[in-house]
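Biologist: Before we discuss the assignments, please display the sequence and the model.

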Amino acid sequence: QGDLVESGGGVVQAGGSLRLSCVADHPVSNYNMAWFRQAPGKEREFVAIITWYPRTYYSDAVKDRFTISKDNAKRTIYLQMNNLKPEDTAIYYCNSGTGTAPPYAPSPYWGQGTQVTVSS
């Protein structure tokens, strides 16, 4: 576990889509990989996880709108975000080594984050 580099954030209108990427410097096939987000004035919260076996789990706030996936060969995980809402506005962070079961406790290994802004 080490460096994680997120990209793909931006400004989008409500109802639009974005795809975030997180490139790791280690094999993502060996670790649970997750996305978290932090909105202004709020605590960082769990968004989605893809386990090493792999299985996917989502928070209720994004279920049926977001999809997490990974490309082991590229050491990259993705977060496809559809039907975005203003309340999805946050900095999105990639985490490596996240706990498997709820509450999906994050590990100390974070990327720098990528800003997503959804306008109404």
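Predicted model: local features only at pLDDT ≥ 70, side-chain atom pairs only at ≥ 80, totals over all residues.

Biologist: What makes Arg-37 count as buried?

Modeller: The term buried means under 20% relative accessible area, exposed means over 50%, and partly exposed lies in between, with a 1.4 Å probe and protein chains only. Arg-37 has 6% relative accessibility, so it counts as buried. Glu-45, at 37% relative accessibility, therefore counts as partly exposed.

Biologist: Which other salt bridge does Arg-37 form?

Modeller: Asp-88 forms a salt bridge with Arg-37, the closest N and O atoms being 2.9 Å apart. Asp-88 lies in the loop between β8 and β9 and Arg-37 in strand β4 (residues 33-38), so this pair ties together parts that are 51 residues apart in sequence. Asp-88 also meets Arg-65 in a salt bridge, at 2.8 Å from N to O. That pair links distant parts of the chain, as Arg-65 is in the loop between β6 and β7, 23 residues apart from Asp-88. Both Asp-88 and Arg-65 are buried. The structure holds three salt bridges, and Arg-37, Glu-45, Arg-65 and Asp-88 are linked in a network of them.

Biologist: How many aromatic pairs does a search of the whole structure find?

Modeller: The search finds six. Rings of Phe, Tyr and Trp (its six-membered ring) pair if their centres lie within 6.5 Å; planes under 30 degrees apart count as stacked, over 60 as edge-to-face and the rest as tilted. Phe-36 and Trp-110 lie 5.2 Å apart centre to centre, with 75 degrees between the planes, and are edge-to-face. Phe-36 is in strand β4 and Trp-110 in the loop between β9 and β10, 74 residues apart.

Biologist: What makes the pair of Tyr-93 and Trp-110 edge-to-face?

Modeller: Their ring centres are 6.1 Å apart and their planes stand at 80 degrees, so the pair is edge-to-face. Tyr-93 is buried, with a relative accessible area of 11%, whereas Trp-110 is partly exposed at 26%. Ring pairs link Phe-36, Phe-46, Tyr-57, Tyr-93, Tyr-104 and Trp-110 into a cluster.

Biologist: How do you know that the charged end of Arg-44 sits over the ring of Tyr-93?

Modeller: The criterion is NZ of Lys or CZ of Arg within 6 Å of the ring centre and within 35 degrees of the ring normal. The charged end of Arg-44 is assigned over the ring of Tyr-93, at 3.7 Å from its centre. Arg-44 also lies over the face of Trp-110, at 4.3 Å from the ring centre.

Biologist: Why is strand β3 largely enclosed by the rest of the structure?

Modeller: Strands are DSSP runs of E of at least two residues, and helices runs of H or I of at least four, numbered from the N terminus. Five of the seven residues of β3 (residues 18-24) are buried, so the strand is largely enclosed.

Conventions
Residues numbered from 1 in each chain as written. Heavy atoms only, no water. Salt bridge = Lys/Arg side-chain N within 4 Å of Asp/Glu carboxyl O.
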